[in-house]
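Let us walk through this structure together, one contact at a time.

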Number of protein chains: 2
Amino acid sequence: MCLYTPQYWPFSAPPEATILGNGEYPTHNIPLQIIENSKYIVCCDGSADKLLAHNVIPNLIVGDCDSVSSEVKHKYCDIIRQINEQDTNDQTKAVKTLLSQNKKRIAIVGATGNREDHTIGNIALLVEYNKMGTDIAIYTNYGVLFACYGAQTFSSRPNQQISIFNVSCKTLKSNGLTYQIYPFTNWWQGTLNNAYGNQFSIDADGDYIVMISY
Amino acid sequence: MCLYTPQYWPFSAPPEATILGNGEYPTHNIPLQIIENSKYIVCCDGSADKLLAHNVIPNLIVGDCDSVSSEVKHKYCDIIRQINEQDTNDQTKAVKTLLSQNKKRIAIVGATGNREDHTIGNIALLVEYNKMGTDIAIYTNYGVLFACYGAQTFSSRPNQQISIFNVSCKTLKSNGLTYQIYPFTNWWQGTLNNAYGNQFSIDADGDYIVMISY
């Protein structure tokens, strides 16, 4: 299987780096393959312990270092970039670090699956990363999530499950989805839609997040 | 431990019923105790199989019955209420069923932890249930989530982790939280706050969702 088919990676060139978040370590084949094939992995704080437990050495460990084990912190001190400021979370610190290295195509895994507010926060932050000029997507055990602005067309399989979360659109319409979308005022309204065929398109005037189930 | 202390159950009287969602079966002590102490349990579709595997018999099984096993469907046919309409999810079908029985104080467990769009949808739906006149909260492995409208005061412990998701507020202010809140335009902005002391209050003119970590 080609990992970066348009259904799973909606950008033109494959990612240059992977961020491993400190949520649940992936179990699905797709995020596991992303880790396996990654040339550059940044771990968010304590996720370094999880990656090392899977016999993979990160390229960088970023965060406030309150959850990485003291053993890993000591052994891998040369690849730790401790950033103590509390206004951004570790995922955002990792994104900013990659941008400072001019790596703007980024796959994020391990971002969800534990605390629900972390899951929601990490997903919602995709909109901010989009504004920073990244091509970035979160790969979970269930699908891929990415932020968009304005009109876009997406690849899909017939009956593929799609959810759309509106962030700032006053106009929001779809073509090729089972249920017509509209300028949703709450996040539940855009969940559990389906693609008819091999592509669908969205007409929008602002930011929204797409989840495409595998 | 008293389950329904104000920190964990923000309503005046304890719940009359529990809904078990078809997400991840709880592992934390608090949602497990809610199941154990519940006098009336409604299962969302296939969650009936999970509850029965834990040796608890539900009072009712509600949903479109596409995920409950045929064995359970056959054996417990007298307590199955099959609702095929596709405009609402199984969680909402369970809430509406309980309201038709005049049970309006409801604890939901098992609503999160699998597909992220289901997790987000189930949490966001709390706002709709609030409008229906329920006293309803979701208990996860990490905390309790409930929807509010307007100004409210909440019990807390010092340093308890709090997240606030704005849905429709143009005014949103806090007293007793580490970071001052504001009319957030994206859901990440209200995550990872903390209570100073034994209570905090929110001044608001619309709907929002509170997550209080255990």
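Predicted model: local features only at pLDDT ≥ 70, side-chain atom pairs only at ≥ 80, totals over all residues.

**A walk through the two chains**

Residues are numbered from 1 along each chain as its sequence is written, chains are lettered from A and ligands numbered from 1 in the order in which they are written, and side-chain values use heavy atoms, with hydrogens and water left out.

A:Asp117 also brings us to helix 5 of chain A, where it is one of the buried residues. Helix 5 covers residues 116-124, and eight of its nine residues are buried. Among them are A:Glu116, A:Thr119, A:Ile120 and A:Ala124. Helices (H or I, at least four residues) and strands (E, at least two) are DSSP runs, numbered from the N terminus.

What does helix 5 of chain B give to the side of chain B that touches chain A? To answer that, let us look at the interface as a whole. In all, 32 residues of chain B are in contact with 33 residues of chain A, contact meaning heavy atoms within 4.5 Å. The size of an interface is often given as the accessible area lost when the parts come together. Chain B and chain A bury about 2900 Å² between them, and 62% of this is on carbon and sulfur atoms; buried area is the accessible area (1.4 Å probe) that two parts lose on being put together, summed over both.

Between chain B and chain A, 14 residue pairs are in polar contact, with both residues at pLDDT 80 or more. A polar contact is a pair of N or O atoms within 3.5 Å; within protein, one must be able to donate a hydrogen and the other to accept it, and residues adjacent in sequence count only if both atoms are side-chain atoms. On the side of chain B that touches chain A, at least two residues each come from helix 5 (116-124), helix 6 (126-131), strand 9 (161-166) and strand 13 (207-213) of chain B. Helix 5 of chain B gives the most, with eight residues. By type, the residues on this side of chain B are 13 nonpolar, 15 polar and four charged. Here Ala, Val, Leu, Ile, Met, Phe, Trp, Tyr, Cys and Pro count as nonpolar, Asp, Glu, Lys and Arg as charged, and the others, Gly among them, as polar.

How do the two copies sit relative to each other? A rotation of 180° with 0.0 Å of shift along its axis superposes chain B on chain A, with an RMSD of 0.0 Å. The two copies are thus related as by a two-fold rotation axis. Copies are superposed by least squares on the C-alpha atoms of residues with pLDDT of at least 70 in both. Of the residues of chain B, B:Gly113 comes closest to this axis, with its C-alpha at 2.9 Å. The copies meet through the same surface, because 100% of the interface residues of chain B are also interface residues in chain A.

Back in helix 5 of chain B, we find B:Gly121, which counts as buried at 3% relative accessibility. Leaving aside neighbours within four places in sequence, B:Gly121 is in contact with A:Trp188 and A:Thr191. B:Asn122 lies in helix 5 of chain B too, and is buried at 10% relative accessibility. The side chain of B:Asn122 makes a polar contact with the side chain of B:Asn89 (3.0 Å). Beyond four places in sequence, the contacts of B:Asn122 are B:Asn89, B:Gln91, B:Ala111 and B:Ile138.

Methods: Buried < 20%, exposed > 50% of the residue type's maximum accessible area, 1.4 Å probe, protein only.
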